[in-house]
Protein chains: 2
Amino acid sequence: MSRWAIGIDLGGTAIKAAIVDEKSGIVRDRTIPTDTASGPSGIVAQLAGIIADLYRQASLYMDPGSCDGIGLGAPGAVNADTGTLSYPPNLPGWAVVPLRDDLQQYLQQHEKLSVPVFIDNDANAAAFGEALYGAGREFKDFLMVTLGTGVGGGIILNRKLYRGSNGTAGEVGFVIIDFEGSSAHAGITGTLESLIGKKRIVELALRMIEASPSGSSVGKFCGCDYTRLSPRHLEHAAKEGDPVSLAVWNRIGSMLGVGLANVVALMDIRKFVIGGGISAAGNLIFNPAIDQLRRSTLPSMHDGLELVPALLGNKAGIYGAAALCFG
Amino acid sequence: MSRWAIGIDLGGTAIKAAIVDEKSGIVRDRTIPTDTASGPSGIVAQLAGIIADLYRQASLYMDPGSCDGIGLGAPGAVNADTGTLSYPPNLPGWAVVPLRDDLQQYLQQHEKLSVPVFIDNDANAAAFGEALYGAGREFKDFLMVTLGTGVGGGIILNRKLYRGSNGTAGEVGFVIIDFEGSSAHAGITGTLESLIGKKRIVELALRMIEASPSGSSVGKFCGCDYTRLSPRHLEHAAKEGDPVSLAVWNRIGSMLGVGLANVVALMDIRKFVIGGGISAAGNLIFNPAIDQLRRSTLPSMHDGLELVPALLGNKAGIYGAAALCFG
């Protein structure tokens, strides 16, 4: 009988949860909107509700004795050892919350459910998900980069999560590649997130469209309303051959490549799994990234360099969260 | 009876070697000029000669049965598993040499000495030396940075060397912090080594002296011959209060801080041991570096940030090389 767990991806907008069978993957999943207004205690109740619900469903056809626990990926700084979540950026009003223990106790008291709870950062969970079920299965060591509103990362060394001494490792969005530049994020100049986060891609595109003498065909994809311009429009325009949109992706990919070069130099990691909404641009961003990665590293470090798309989409987090229990 | 080993630091200029007692440290050491002209086979013979000599001396008052082997730190890319040294930058004409096995065989055939040989990169050896005998003794995880002609690094995780999948980890000199800048080293733009390597410090100083309306007092330290200007002169002038020299060190330290911020973001390493000739500038470089390190990292990553001077000077390499045997 194979082991199973409940994996949860706690986000600022939605709570995604699934019953995950260790061998066959997701058996059943559910998504509910996050009730951010209710604060930590309200969200613990929400989490407990969805867990209890899935647990009861699972118990109809899976052995409760084979359940390895509840895994939770959460935004912000998570200490996997102590089980605390600190200052999650998308859950306003949270300080330092002992989320693991609170949830475990709530499940016991209100749902009569005694199961161990495991918790980690959402980017780490996504990386671990790809490591066990996705694009990272063949790689012993890799960095997973999530390109979206923010730029996040998780590091797998020797098929295990590398968390660092304080659990904050893998923050590739805070790698600085342009310390004298004009971009900044969270008060730090020249970070990767300040250069290739979703908003910055749009800002760069607007500047490049404005500066282009022959204009860009991207207008027709956003109904000529540039306040609506999104990376998706730039993707469509680039695929149609719009030179400005192509130049935007080249520059974004190239900056990603510089950031990854720092990972190669420091950690000797040569495999990169790229996920997140922005990664839908595919080779528009992958090709310039790998080209720049080669230009920005020593030839003696080129062996085995590889950049591959993530495979699990927005399910990487729940896969990885469940996998925290199988460890 | 305590264990002992012979540690060797193979450099482009000198071969440093020592008998190292695991508990009490260096018992006896010797330095000879490297005969670079003789190529790999000549240097193997040179190494074997100094090893045999020290081994015979050690045998007079130490138990040969307690000798754990010969440890060798070498410049360039070393594969600690296979024992090969590839393209050492300061040993012209070398390609890929099976240095460990060649040395072991030579010792057996010509010196009747059957001892295991361990080999690693010189920057790794220095980091391991500081970890076991120097400034890193209190740190579980740290990065050692060597500031000199080049900028090198070695990473200690959980009191062990972190080598990466291919043995090239810790190349902090190749971390890119200014990808749109004008400096380059080994064909890569904006690397730390291209910005704060010894030559670049002097170049920066010359530019800043030239641009300073009120001039600099550093001239009196280099006999007003600016072709002789060295970081040491800038150190003396700064300690006397010369504003231009102070500004040079502030900028160098600050750029070092940006580079280390990338190590904090990616690896969650918060302890840094700074060695190499340039580190003699001490707080002139340490103070701006730690200030910038704080500015360039998230407040949630400031706990425990520390930058300390290396303790073993140019003996870190031989200590660490010997320690490779004690592992």
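Reply: Let's start with handedness: a crossing is left-handed if the near helix is turned anticlockwise from the far one by less than a right angle, and right-handed if clockwise. This is a predicted model, where local features need pLDDT of at least 70 and side-chain atom pairs 80 or more, while totals for chains, interfaces and linings use all residues. Residues are numbered from 1 along each chain as its sequence is written, and chains are lettered from A and ligands numbered from 1 in the order written.

Me: Which hand does the crossing of H6(B) and H7(B) have?

Reply: H6(B) and H7(B) cross in a left-handed way. On H6(B), the contact uses B:Leu234, B:Ala237 and B:Ala238, and on H7(B) it uses B:Ser245, B:Leu246, B:Val248 and B:Trp249. (Helices, H or I of at least four residues, and strands, E of at least two, are DSSP runs numbered from the N terminus; contact puts C-beta atoms, placed from the backbone, within 7 Å.)

Me: At what angle do helix H6 and helix H7 of chain B pack?

Reply: Angles run from 0 to 180 degrees between N-to-C directions, and axes are lines fitted to C-alpha atoms, for helices over the stretch in contact. Helix H6 (residues 231-239) and helix H7 (residues 243-267) of chain B pack at about 115°, and their axes are 7 Å apart.

Me: How many residues does each chain give to the contact between chain B and chain A?

Reply: Chain B gives 37 residues and chain A gives 37 residues. On the side of chain B that touches chain A, H7(B) supplies the largest share, 7 residues.

Me: Now the sheet: what order do the 5 strands take in chain A?

Reply: Strands of a sheet pair through backbone hydrogen bonds, either parallel or antiparallel. Here 5 strands of chain A form an open sheet, in the order S11-S10-S9-S14-S15, with mixed pairing. Its edge strands, S11 (160-162) and S15 (306-309), each pair on one side only; pairing needs at least two DSSP bridges. From one strand to the next, the twist averages 30°.

Me: How many bridges join strand S9 to strand S10 of chain A?

Reply: Strand S9 (residues 142-147) and strand S10 (residues 151-157) of chain A run antiparallel and are joined by 6 bridges. Look for A:Leu143, which stands opposite A:Ile155 in S10(A). Then find helix H3 (residues 122-133) of chain A, lying across S9, S10, S11 and strand S14 (271-275), at about 50° to S10(A).

Me: Where should I look for A:Val27?

Reply: A:Val27 sits in strand S3 (residues 25-33) of chain A. Beyond its neighbours within four places in sequence, A:Val27 is in contact with A:Ile19, A:Val20 and A:Asp21.

Notes:
Two residues are in contact if their C-beta atoms, placed from the backbone, lie within 7 Å.
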